[in-house]
Each structure stands twice: as C-alpha cells, then as structure tokens.
Amino acid sequence: MEQVYHIPVLLNESIEGLNIQGDGDYVDVTFGGGGHSREILKNLKSGRLFGFDQDEDAAANAFDDERFIFIRHNFKYIRNFLRYKGVDQVDGILADLGVSSHDFDVAERGFSFRFSGDLDMRMNRNSSKTAADIVNSSSEEDLIRIFKDYGEVENARRLVRQILSARQVKPIRTIDQFKEAIAPCVPKKTETKYLAKVFQALRIETNGELDVLKDFLEQSMELLKPGGRLVVITYHSLEDRLVKNFIKAGNFEGKQEKDFYGNVASALQAVNRKVIVPTEEEIERNPRARSAKLRIAEKV
C-alpha cells in the first residue's frame, strides 16, 4: 500500500480561518505533502497560491496548476521571494510548523529514534550543520540549554554529561551511537516519551526553528493586506508562546504597548479567543495531531 506523505492537521479549521477570497493571493509556507494547499486551491478562482518548502522531497508533490507557484526555499525568505514574484502583499498566510510524517518515516533523514541511520535532522539537506555536528561540537552549556529549553528534558545535565563522556572516546555520528551514549539516563518506563523530547530538542536546534519562526512572523505582519489572515499551527509550547505573544502585542515578549488613549499598538488582532486544538476524533485518526495548537489573526 502506498505510504501517506502526511495527513494535514486541523485542515477544516485552518482553511476556514484563512477566510479565503476567490480572487486573493495566499501563501502556504510549509507545503510538505500539499494537504492544506490542495484545500486552499479548491477555494480559489482567479486567485493564486504560493507554496514554500525547502525539502527536496516536498518539491515532488508540487501541483501542475497555473494558479500554484512552488518556491523551494525556507519560509524565512518569504518577503524576498514574494517580491521577486512581483507580490507586495497577500490575503492570507498559513504555516503548519510540524515535521511531515514522511520525514519521520524515512530513516535516512535522521528525525526518528525508531530507525538506524545518520544523526542528521536537516530540513534542508544542503545546509552544512547536522544534529551530529551539534552533539559533537557544542559546549556543555549550550547542550544543556538545548535540551532544557527545546525539549524540557528534566535530567538535561546528566544527559549532557553522558554525551560529553561518549564523544571523548569517539565522535557520535549515528542514531544508534547517540542512543547508546545516553542510555544510562533514559527512564525505562517512559523511554519513548523521553527520547521524543531529546530528539525534538536536537531538531529545533539543527534547523534554527525558533529564529526562523520569529523572522517569519515579523515579515508576515508586513506582507498581509488589511483584513488579511495569519493562520499558524504549532506543536511545541515555545513556538505557541511566540505566536501568541506576537499576535497579542506585536513582539515576542508579549509586552503590550499602548498609545496616548490606552489603545494597544498591534497590527494583528486575534480571531479565535481560545486556541483551537484537534478533536478526539482527529487525534484518534491522526495521533501526530495530538499536540497541535491553531491560532488565527487578522491584520488590522
């Protein structure tokens, strides 16, 4: 049976959140398997959809549709590439910040602890730094920060001591070598959950995901037309906090600045008062949706 590339998360909710106009210009900055993009196109008439993805595997999913323009680059360059295409502002931008199921299911990408293979984790395989490079070259302080901040790993200091000890003997290059190195500090009853946190932390650092998100949010505010919608699906509390604060205050600290009359100076206004999460039925159908959070904002 053909393997599904990726099941789009919160599909109906995110498409509804875009409030698509048939003649509008829209951007899906995380094209992946094209699940969300396919639904956006269904709602367009003369409008256009720009799909970003830096992954060469995702490029193979690009549509043969005159309304669709695929851009094989990281979405932190969204402003430059839209301008290159002659577009100054758009009617809606969607970002699903999860890793595609395809990448988790391909051993050589190195994203999953379920497989053997190189400790890679690069979204863009042309980038120079792999997860193994980070494990072998980062300082003790940086490694502790990575695992504490990005993975919320409780015994991060012990974990890092194991890594430092192992890499003194020989460089850690593969998933199996890494798992063997950290095995003494992996709780046996919660091994899968623990390894998921550790691998998530390494993936976020390898791809600079939080810095990319910040760049993207700042550019999105400029790129949206008044009334345009920003739709973001996150899977990590740090990502969600950045999105929530930016929508609320226009900065990543969430500090609301008010004018002389006490009005909050923010170019975005939240559309959904409460964060939207998957239903139990969606989680049962697609367990990888379980940590998803959807926030929608409109350009004022």
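Predicted model: local features only at pLDDT ≥ 70, side-chain atom pairs only at ≥ 80, totals over all residues.
Start by selecting Asn19. You'll find Asn19 in the loop that runs between helix 1 (11–18) and strand 1 (25–28). Check its backbone: phi is positive, about 50°, even though this isn't a glycine. With 39% relative accessibility, Asn19 is partly exposed.

Now jump to Glu152, in the loop between helix 7 (140–150) and helix 8 (156–169). Here again a residue other than glycine has a positive phi, near 50°. Glu152 counts as partly exposed, at 45% relative accessibility.

On to the salt bridges, of which the whole structure has 17. Pick Arg125 and Glu56, whose side chains pair up at 3.8 Å, N to O. This one ties together distant parts of the chain: Arg125 sits in the loop between helix 5 (101–105) and helix 6 (131–137), while Glu56 belongs to helix 3 (residues 56–59), 69 residues apart. Both ends are partly exposed, Arg125 at 28% relative accessibility and Glu56 at 40%.

Next, select Glu209 and Arg203, which form a salt bridge at 2.8 Å, N to O. Glu209 is buried at 13% relative accessible area, and Arg203 is buried too, at 10%.

Then go to helix 13 (residues 280–285), where Glu281 and Arg285 are four residues apart, so about one helical turn separates them. Their side chains meet in a salt bridge of 3.3 Å, N to O. Glu281 is partly exposed at 48% relative accessibility, and Arg285 is partly exposed at 48% as well.

How values were computed: Residues numbered from 1 in each chain as written. Heavy atoms only, no water. Helix = DSSP H or I, 4+ residues; strand = E, 2+ residues; numbered from the N terminus. Buried < 20%, exposed > 50% of the residue type's maximum accessible area, 1.4 Å probe, protein only. Salt bridge = Lys/Arg side-chain N within 4 Å of Asp/Glu carboxyl O.
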